[in-house]
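Visitor: Could you walk me through some side-chain pairings, one question at a time?
Guide: Gladly, let us look together.

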Amino acid sequence: QVQLVESGGGLVQAGWSLRLSCAASGSIFVINAMGWYRQAPGKQRELVATTISGGTTKYADSVKGRFTISRDNAKNTVVLQMNSLKPEDTAVYYCNAVTQNQVGVFFNYWGQGTQVTVSS
């Protein structure tokens, strides 16, 4: 089992910045991907940004140029720096990790979620 612990959400005004952190712990052999998703009320959960083994990053079009994801493989942590926040960024943000065990089986884990609210 792998546990994901998130921190850093909160209430900010439009144009401000927030930094979300996520730390993975537990039975980790290898983390193939680690990133952030979000879910706004009445909407489906969507990808915000993710990092894939080898250094590849992927961003939602709506956050490109404003959000930056970084990962520390040694510490099994991922950070999402969110700048120029907009009211439409308001959502519960979930940390996600895709791991692989010693025999090649993949597992998908989620954090408990952290609320980000951006006021106009």
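This is a predicted model: local features need pLDDT of at least 70, side-chain atom pairs count only at pLDDT 80 or more; totals for chains, interfaces and linings use all residues.

Guide: Residues are numbered from 1 along each chain as its sequence is written, and side-chain values use heavy atoms, with hydrogens and water left out.

Visitor: How many aromatic pairs does a search of the whole structure find?
Guide: Rings of Phe, Tyr and Trp (its six-membered ring) pair if their centres lie within 6.5 Å; planes under 30 degrees apart count as stacked, over 60 as edge-to-face and the rest as tilted. With that rule, the search of the whole structure gives a count of 3.

Visitor: Which geometry, stacked or edge-to-face, do Tyr 94 and Trp 110 have?
Guide: The ring centres of Tyr 94 and Trp 110 are 6.5 Å apart. Their planes stand at 90 degrees, so the geometry is edge-to-face.

Visitor: Which strands does that pair link?
Guide: Strands here are DSSP runs (E, at least two residues), numbered from the N terminus. Tyr 94 and Trp 110 are 16 residues apart and link distant parts of the chain. Tyr 94 belongs to residues 91-100 and Trp 110 to residues 106-110, which are strands E9 and E10.

Visitor: Is Tyr 94 buried or exposed?
Guide: Buried means under 20% relative accessible area, exposed over 50%, and partly exposed in between (1.4 Å probe, protein chains only). Trp 110, at 35%, counts as partly exposed. Tyr 94 has a relative accessible area of 14%, so Tyr 94 is buried.

Visitor: What is the angle between the planes of Phe 107 and Tyr 109?
Guide: Phe 107 is partly exposed at 35% relative accessibility, whereas Tyr 109 is buried at 13%. Their rings form a stacked pair, 6.4 Å centre to centre, and the angle between the planes is 25 degrees.

Visitor: Over which rings does Arg 45 lie?
Guide: A charge sits over a ring if NZ of Lys or CZ of Arg is within 6 Å of the ring centre and within 35 degrees of the ring normal. The charged end of Arg 45 is 3.7 Å from the ring centre of Tyr 94, and Arg 45 also lies over the face of Trp 110, at 4.5 Å from the ring centre.

Visitor: Which handedness does the disulfide of Cys 22 and Cys 95 have?
Guide: A disulfide is a pair of cysteine sulfur atoms within 2.5 Å, and Cys 22 and Cys 95 have theirs at 2.0 Å. Cys 22 is buried at 2% relative accessibility, and Cys 95 is buried at 0%. The torsion about the S-S bond is about -85 degrees, so the disulfide is left-handed.

Visitor: Where is Gln 44?
Guide: At 71% relative accessibility, Gln 44 counts as exposed. Leaving aside neighbours within four places in sequence, Gln 44 is in contact (heavy atoms within 4.5 Å) with Arg 38 and Gln 39. Its place is the loop between strand E4 (30-39) and strand E5 (46-52).

Visitor: Which backbone oxygen does the side chain of Thr 50 reach?
Guide: Thr 50 lies in strand E5 and is buried, with a relative accessible area of 10%. At 3.5 Å, the side chain of Thr 50 reaches the backbone oxygen of Met 34.

Visitor: Which residues are linked with Arg 38 in a network of salt bridges?
Guide: A salt bridge is a side-chain nitrogen of Lys or Arg within 4 Å of a carboxyl oxygen of Asp or Glu. Arg 38 forms one with Glu 46, the closest N and O atoms being 2.8 Å apart, and another with Asp 89, at 3.0 Å. Asp 89 in turn meets Arg 66 at 2.7 Å, N to O. The residues linked with Arg 38 are therefore Glu 46, Arg 66 and Asp 89.

Technical notes: Helices (H or I, at least four residues) and strands (E, at least two) are DSSP runs, numbered from the N terminus. A polar contact is a pair of N or O atoms within 3.5 Å; within protein, one must be able to donate a hydrogen and the other to accept it, and residues adjacent in sequence count only if both atoms are side-chain atoms.
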